[in-house]
Amino acid sequence: AANSRRRPVARSAPSRQETYDRSITTFDPNGRLLQVEYGMQAASRGSPILCALLDDCLYIATYTHGSVRHDDTSSSSMQQQQQVHRLDDHIFLFATGLVGDSLFLAAQMRAYCQNHRLEHGEAPTVRQVATEAANFQHKLTRTGGYRPLGCTAILAGVDPFFDDDQGEKSSSVNLARHLHLFRSGPGGVLEDCLYCAAGKQQDHLMKRLQSDLYSSPKELAKSEIMNRMAAIFDGLVGGGEKDDRNACHVWTIEPSSVRRGKMKACCHMNVH
């Protein structure tokens with residue numbers, strides 16, 4: 001039988017960008033790591049999160065998209081579980097971006113907290129956990145065979161050692177200095193924040209957060225702070241149109257010597 005001839009296949013040469021975006025350890029000619037930038041883009045598409053440290057309380061507002069009804073508690077709870085992770089008795093991780101990457105990072109940080117307790121006999125501080133999260137994210141950007149995590153992590157909590165300080169147990173001003181708020185992105189950059197935002201339109205949310213909460217000359221009540229944070233979300237997600245099915249849940253974290261982990265954490269559902 002006659003052998004069939006192989007037809008030549010025309011292959012286009014890879015573009016300049018494609019030659020540099022396959023590896024996390026190779027810079028492109030402009031000095032950028034494209035895989036890290038892809039991770040940052042994935043994180044910027046996640047559900048928005050607002051965080052603010054005011055007086056003696058931390059406020060973290062999360063957003064539930066319009067696909068979930070207010071009365072659908074099971075779906076809303078599932079979205080909360082994908083965004084909110086308790087790492088230890090005294091610290092929470094709020095994540096936005098790829099859900100699987102967020103769960104993976106939360107599992108790694110829970111293991112770190114448990115190992116720290118076993119090795120040192122005490123809980124790690126919020127800064128130690130935040131530093132470990134940033135180092136872990138940075139490690140994935142320089143290790144072959146891995147990829148950066150497509151999520152932004154916000155760590156909030158209370159250092160559980162404030163009751164050892166003499167004479168500071170009854171002072172809310174002194175207790176407030178044990179509250180901490182950190183943000184870590186896919187590149188592993190750690191930021192110690194007074195307020196921050198993550199997810200969709202985070203730059204615009206930051207400006208609104210500063211103008212609505214930190215430019216007010218008068219001291220705001222807790223209910224007013226939560227209402228203002230919920231109002232910032234209005235019209236920002238879903239093409240600029242307000243959807244009645246959207247919901248804002250605001251977490252408040254306060255130091256408390258009688259609570260688990262020396263921290264009082266409450267979730268206020270469907271804040272308007």
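Ser102 is found in helix H3, which spans residues 99–120; helices here are DSSP runs of H or I with at least four residues and strands are DSSP runs of E with at least two, both numbered from the N terminus. This is a predicted model, in which local features need pLDDT of at least 70 and side-chain atom pairs count only at pLDDT 80 or more, while totals for chains, interfaces and linings use all residues. Residues are numbered from 1 along each chain as its sequence is written, and side-chain values use heavy atoms, with hydrogens and water left out.

At 2% relative accessibility, Ser102 counts as buried, a label given under 20% relative accessible area, whereas exposed means over 50% and partly exposed lies in between (1.4 Å probe, protein chains only). Leaving aside its neighbours within four places in sequence, Ser102 is in contact with Gln82, His85, Ala95, Thr96 and Cys151, where contact means heavy atoms within 4.5 Å.

### The chain as a whole

The protein chain has seven helices and 10 strands, and 45% of its 272 residues count as buried. Among contacts in the chain with a separation of 6 or more, 63% are accounted for by residues 24 or more positions apart. The accessible surface comes to about 14,700 Å², of which 47% belongs to carbon and sulfur atoms; these areas come from the Shrake-Rupley method with a 1.4 Å probe, and for residues only the protein chains shown count as cover.

| Strands | Sense | Bridges |
|---|---|---|
| S3 (residues 84–88) and S4 | antiparallel | four bridges |
| S4 and S5 | antiparallel | seven bridges |
| S5 (residues 151–158) and S6 | antiparallel | six bridges |
| S6 and S7 (residues 190–192) | antiparallel | three bridges |

S3 and S4 form a hairpin with two residues between them, and the bridge partner of Val84 in S4 is Phe94. S4 is mostly covered, since six of its seven residues are buried. Thr96, one of the contacts of Ser102, has Thr152 as its bridge partner in S5.

In S6, six of the six residues are buried, so the strand is largely enclosed by the rest of the structure. Both of its faces are covered, with Leu179, Leu181 and Arg183 buried on one side and His180, Phe182 and Ser184 buried on the other. Leu179 in S6 stands opposite Val158, while Phe182 stands opposite Asp192 in S7. The hairpin of S6 and S7 has five residues between the strands, and in this hairpin Gly188 takes a positive phi near 85°.

The buried residues of H1 are Leu34, Gln35, Val36, Gly39, Ala42 and Ala43, and what covers them includes strand S4 (91–97) and S5.

Rolling a probe the size of a water molecule over the atoms shows where empty space is left. On a 1 Å grid over the protein atoms alone, a pocket is an open set of points where a 1.4 Å probe fits, with protein on both sides within 12 Å along at least five of seven lines, and lining residues have an atom within 4 Å of a point. The largest pocket has a volume of about 260 Å³, a volume being the space filled by probe spheres set on grid points that are joined across faces, edges and corners.

This largest pocket is lined by 14 residues, of which Met40, Thr152, Gly185, Pro186 and Gln202 lie nearest its centre. The elements that give two or more residues to the lining are helix H1 (34–44) and strand S6 (179–184), and H1 gives the most, with three residues. By class, the lining has four nonpolar, eight polar and two charged residues; Ala, Val, Leu, Ile, Met, Phe, Trp, Tyr, Cys and Pro count as nonpolar, Asp, Glu, Lys and Arg as charged, and the others, Gly among them, as polar.

Most residues other than glycine have a negative phi, and most peptide bonds are trans. Asp55 has a positive phi of about 55° although it is not a glycine; Asp55 lies in the loop between strand S1 (49–54) and strand S2 (57–64) and, at 52% relative accessibility, counts as exposed. Lys262, also not a glycine, has a positive phi of about 55° and is found in the loop between strand S9 (247–255) and strand S10 (263–268), but Lys262 is buried, with a relative accessible area of 19%.

How values were computed
Pairing = 2+ DSSP bridges.
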